Amino acid sequence: MRYQIVITVLIILLPVYVLADIVVVVNPNSGIAELTRHQIIDIYMGRNPGIKKGQVLQPFDHPLNSVVRAEFYYKTTGKPASVINAYWARLLFTGRASPPRLVEDNKAMLKTVRENPAAIGYLEQKYLNEHVTVVYTLENNE
Amino acid sequence: MKGLAFFHFILLLALLSAHQANAFDLGTERIRLSGFGTLGVTSAGEKKFGLQKDYIHDAQFGDVSVLTDSVFGLQLDIDLLKNITATVQVVAEDRARQDFNNIVDWAYLSYRPTSNTVIRAGRMGIDLFMLSEYRNVGYAYLWTHPVVEFYKPISLSHYEGFDFKYSRRIKPGYFEFKVYGGQTGSDIKLANGDLNLRMRPFVGFNTSLEDNNWKVRLTYATTDTAFIRSPADPLLNELSHVPQSSWPQASALYNRLIGVNKQTHYYSAGFLYDKHNWVVQSEFSLMTSKWLSVNMTNGYLSVGRRIGPVTFYTVGSYAKSRDNPRVDRTQIFTQGLEGLVSAAEDLLHAVHMDQNTVSLGFRWDLHPRAALKAQWDHTWVRKHGGGLMLLKEPLDHNITLNTFSLNLNFVF
């Protein structure tokens, strides 16, 4: 009985993050209809994704301590945000690339991608509207 | 006192950096200022046998130091044109020689003619190892300090010249090839003085293939020792003038100990695996040269396991000279020559490397831009195998040493 009470209390106290699916979006004027998971990883890990000759996408990221950022990187790369942060420090301080510029939240991401033809970003699906193009969906059960 | 002042300086910069956290956010601005630092406390060595993490730092003889691992760096990137960027990195740390030339670690221009190619020219980081371009950035790697057996033998941090890099995704992974050339050098600390080394030409290439969970890398480089000034010069000079009739071996020993005009070849292979919270990294290298001090092999294997924000790890490493010339004691030396023979024998022992280390530690990612690390190293050094140490007396028996280090690493 005592154990049942302890387990019940623990279940109640456990933080439950139920995120919607995350969608990767670009500006409709980019001419890009879809991307592979490999290409998205390359873009967000400072590598050349080889999309179209001469086309460069500028990635935007969520704040370093945000839940949606942690989810995005875990679902795409399988790694926690701390590993991604250390990886970007390596790229930055070897002069290879600068980390993606940060935006405040989902709404700011939507606005940034909508206003910048070269931008690529990601956000929770519930914030999606018709002004951006979805190029990849990271489903919640991935 | 000087050490504490430097430590307080870095502590102050760390606190100021915490208020400048948004500097990291300037990802696409034309002018970007970024920084990194480490506040470290290290206990290492013994009274007569000093441990160094690399040759540019003072050795520790059993004391506690805040200078060994502490470092602060700033990097400025300026996009001059669409495809041309200027980068300058300055690094403040304890050094054998503190001057402007050594503090400026990098200063180069990079030109990106296509999305697959980058050409750089100026002063750049030496790219021989997996960590070589960011060994000062503790936040970027797992351990409290680069593996001594592997990273100390080449304490070169930068070179002046050019590099050309080509990269693209191919079927198995992301491919990179880099070729470079220029000149390099270092001012390093030895037991009885400073050593100044200039090497040119310095040329080489490295190639790597990586995917999300793994990376393999191969390196080759070669260089000539163009200039060397060391505390052993008077002894070597004396050795070169010994008549063949009085000590036939002297000339052969001189040729092994003298560094100038000797070519060194460097080969290394490394791999990294990072999946399911396991992190495995290993590198092995071979250096071949007629200069005894750098004719060696070394390597390490590091295995880590992430549990939440903490990664626990262990590292095993070794460094060993590839040969061990001895003074032929079957010859009877005159009393006048005996002093020189003994000194040459001590020098042969002093440059010989034969040691290995096992390390245990953890890294705690306590903040998106800061990590706390602790590490214990247990090092075995074989008799006359202390070439990676600073010795106050000849190492005529096997010893074991313990190093404890606690670091706070941060970036901004």
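I started on helix 5 of chain A, where the face turned away from the buried side carries the exposed residues Lys107(A) and Glu115(A). For me exposed is over 50% relative accessible area, buried under 20%, and partly exposed in between (1.4 Å probe, protein chains only). Helices (H or I, at least four residues) and strands (E, at least two) are DSSP runs, numbered from the N terminus.

This is a predicted model, so I keep local features at pLDDT of at least 70 and side-chain atom pairs at pLDDT 80 or more, while totals for chains, interfaces and linings use all residues. Residues count from 1 along each chain as written, chains are lettered from A and ligands numbered from 1 in written order, and side-chain values use heavy atoms without hydrogens or water.

**Helix 5, chain A**

Next I listed the buried residues of this helix, which spans 106-115: Asn106(A), Met109(A), Leu110(A), Thr112(A) and Val113(A). They sit on the same side of the helix, because they cover an arc of only 165° around the axis, taken from the directions of the C-beta atoms. What do these buried residues pack against? I found strand 1 (22-26), strand 2 (58-61) and strand 4 (119-124) of chain A, with contact meaning heavy atoms within 4.5 Å. At the start of the helix, a side-chain oxygen of Asp105(A) comes to within 3.3 Å of the backbone nitrogen of Lys107(A).

**Chain A overall**

I noted five helices and five strands, in the order α-β-α-β-α-α-β-α-β-β from the N terminus. Chain A has 142 residues, and 47% of them count as buried. Of its contacts with a separation of 6 or more, 70% join residues 24 or more positions apart.

**Lys75(A)**

I looked this lysine up in helix 3 (67-77) of chain A. Is Lys75(A) buried or exposed? Lys75(A) is buried, because its relative accessible area is 10%. A polar atom of its side chain lies 3.4 Å from the backbone oxygen of Glu139(A). I also checked Val135(A): 60 residues from Lys75(A) in sequence, 15 Å away C-alpha to C-alpha.

**Largest cavity**

My search of the whole structure gave six cavities of 30 Å³ or more. A cavity is a set of points on a 1 Å grid over the protein atoms alone where a 1.4 Å probe fits but cannot get out; lining residues have an atom within 4 Å of a point. The largest holds about 240 Å³, the volume being the space filled by probe spheres set on the points.

Its lining has 23 residues, with Leu51(B), His145(B), Val148(B), Asp377(B) and Thr403(B) nearest the centre. Helix 3 (148-151), strand 15 (310-321), strand 16 (353-367) and strand 17 (370-386) of chain B each give two or more residues to it. I sorted the lining into seven nonpolar, twelve polar and four charged residues.

**Gln375(B)**

I then went to strand 17 of chain B for Gln375(B), which is buried at 6% relative accessibility. A polar atom of its side chain is 3.0 Å from the backbone nitrogen of Thr144(B). Beyond four places in sequence, Gln375(B) is in contact with residues including Trp143(B), His145(B), Tyr313(B), Thr403(B) and Phe404(B).

**Helix 5, chain B**

Last, I checked helix 5 (250-257) of chain B, where Ala250(B), Leu253(B) and Leu257(B) are buried. They fall within an arc of 65° down the axis, so they line one face of the helix. Their cover includes helix 4 (233-240) and helix 6 (335-351) of chain B.

Technical notes:
1 Å grid on protein atoms, 1.4 Å probe; cavity = no way out; pocket = protein on both sides within 12 Å on 5 of 7 lines; lining within 4 Å. Nonpolar A, V, L, I, M, F, W, Y, C, P; charged D, E, K, R; others polar. Polar contact = N/O pair within 3.5 Å; in protein donor to acceptor, adjacent residues only side chain to side chain.
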